[in-house]
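Please have the structure open as I speak.

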Amino acid sequence: MSHRPPSPMPGRRGVLRGSLAASAALALPAMGGAAVPAFALSGRPSAGWGVQSGDVGAHSGLVWVRSDRPARMIVETSATESFKRVTRWRGPLLGPDTDFTGTTRLRGLPPGEQIHYRVLLADPDDPRRTSAPVPGTFRTARVGRKGGVRFLWSGDIAGQGWGINPDRGGYRVYEDMRALDPDFFLCSGDNIYADGPIQASVTLPDGSVWRNVTTEEKSKVAEELAEFRGNFRYNLLDAHARRFNAQVPTITQWDDHEVHNNWYPGQILDDARYSEKRTDVLAARSLRAFSEYFPVSTLPPGDADGRVYRVLRQGPLLDVFVLDMRTYRDANSPNRQPDDTTGILGAGQLAWLKRELSRSRAVWKVIASDMPLGLVVADGAVNFEAVAQGDPGAPLGRELQIAELLRHIKHRRITGTLWLTADVHYTSAQHYEPERAAFQDFAPFWEFVSGPLAAGGYPAAKLDGTFGPRQVFVKAPTRANTSPAETPPYFGEVDIDGGSGELTVRLRQEGGEVLFAQTLQPGRVGQ
């Protein structure tokens, strides 16, 4: 098993120094208790919110930026940080219709290489007037097995009132993750808490005070498009997050808090904080802002139809299947219906997932799920939010759809599947075994949970016995909504060895400490 140390490459460090200098020169509003002031519009365009890359494959990737005014996005790429020889990519014109954000797709890239890029913003009326270049870097996926694949995952950011705390130096966990120099970061949802305002301070149980950076858009629940956009901007106020984004490409999915806690299509909210109570309206506004603030290949402008679920191929060792358990689900209910064709995925997404898993030739198939399978997640006194409902017997409700998928994996002899998620605000590892299950027509598999990155910690959920889970590891607080000062942020690491094909999962916490590790062998149906 390879344990690659953080990259010593001077080129990457140089890029990050440049990114910091650019951010300082562009005078991004500093963290503090006051609301963030508006950008000044004198001089040249500026890109003080940093850069991001996303959905990077062997030959392509997306680069993101936000301007402070109308501007033409220009991306220059090079094999070296000196940028002596560059390829220039003419991106979109950024304007108010996208909140001055934009993405540029880079094609024809060499596989398995470090790509250095820099983004410039040109004045549309005078192209000679450009912003200071904002640099970033990413690695394209390899087409061979040499070098392996290593990535991180987590989720749940700025939730339950715990935002960017200047006394703690902000989101320090991003620096821990950046130091590991992963090939990419999988964000498993709850990128924002649109339903969770951020107050200037919160008194902790010991009497100490947690201070937050505040903004106008985070002072209330998000209903209007501008408020959703402000929620997505909030996390970019953190310098650690911006440095991480400049170095590590992302694969991003969404869950409920991008809209409202436990929402489902067609729901009418019973929440006095909201004037707009139709979740379909709120979800459409949030998805538009989500597509503006993350480089996602299957959302506009890259895909006019727009969907979050997709497969990202990372070479012969790994395919990542990104699910959307929110947009197509049926209503939350007691979840005990004997027939359920909609389930948590919807019929169309389930058919897509079965088809793509069957087509995959990767050694490992990571199913990036925004909700856990066998953990009981309640929605009120009688309804349930995820797949399980606590009945350990034969599959009912949304479990029927998962049973169909697990049966398909077994009978098609699909090898190397494992499930990754966040959502429940603690970290754990579950092994699902048919010998322990009420439903037994499936192959054994693992599910790993890690998070939150910056939100409240919660006690561990109960297990549902339908698919025979055994909890091998768990670390969770004993009371609800503990602050990040009390319960450290959690993230997971997946390391696939290029030679043996072995896959090791490490569950980590802030500071980088490994809490639990499990090595899996390739070539087994399920896992």
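The mean pLDDT of the protein is 92, and 91% of its residues reach 70 or more, pLDDT being the predictor's confidence in each residue, from 0 to 100. This is a predicted model, in which local features need pLDDT of at least 70 and side-chain atom pairs count only at pLDDT 80 or more, while totals for chains, interfaces and linings use all residues. Residues are numbered from 1 along each chain as its sequence is written, and side-chain values use heavy atoms, with hydrogens and water left out. Over residues 1–40 pLDDT stays under 50, and for that stretch the model has 87 contacts beyond four places in sequence, where contact means heavy atoms within 4.5 Å.

Let me turn to the helices, which, like the strands, are DSSP runs numbered from the N terminus (helices are H or I, at least four residues; strands are E, at least two). Helix H3 (residues 225–234) packs on helix H5 (residues 279–293) at an angle of about 40°, with the axes 9 Å apart; axes are lines fitted to C-alpha atoms, for helices over the stretch in contact, and angles run from 0 to 180 degrees between N-to-C directions. That angle makes H3 oblique to H5, since angles under 35 degrees count as roughly parallel, over 145 as roughly antiparallel, 65 to 115 as roughly perpendicular and the rest as oblique. Among the residues that make this contact are Phe228 and Arg229 of H3 and Arg285 and Phe290 of H5.

How do H6 and H7 pack? Helix H6 (residues 347–359) and helix H7 (residues 399–411) have their axes 10 Å apart, at an angle of about 15°, which makes H6 roughly parallel to H7. Their contact includes Leu350 and Leu353 from H6, together with Leu405 and Ile409 from H7.

Next, the aromatic rings: rings of Phe, Tyr and Trp (its six-membered ring) pair if their centres lie within 6.5 Å, and planes under 30 degrees apart count as stacked, over 60 as edge-to-face and the rest as tilted. By this rule the count comes to 23 aromatic pairs. One of them, tryptophan 162 with tryptophan 210, is edge-to-face, at 5.5 Å centre to centre and with 80° between the planes. Tryptophan 162 lies in the loop between strand E9 (149–154) and helix H2 (173–179), and tryptophan 210 in strand E12 (residues 209–211), so the pair ties together parts that are 48 residues apart in sequence.

Finally, glycine 451 and proline 452 are joined by a cis peptide bond with omega of about 5°, and proline 452 lies in the loop between strand E21 (445–449) and strand E22 (469–475).
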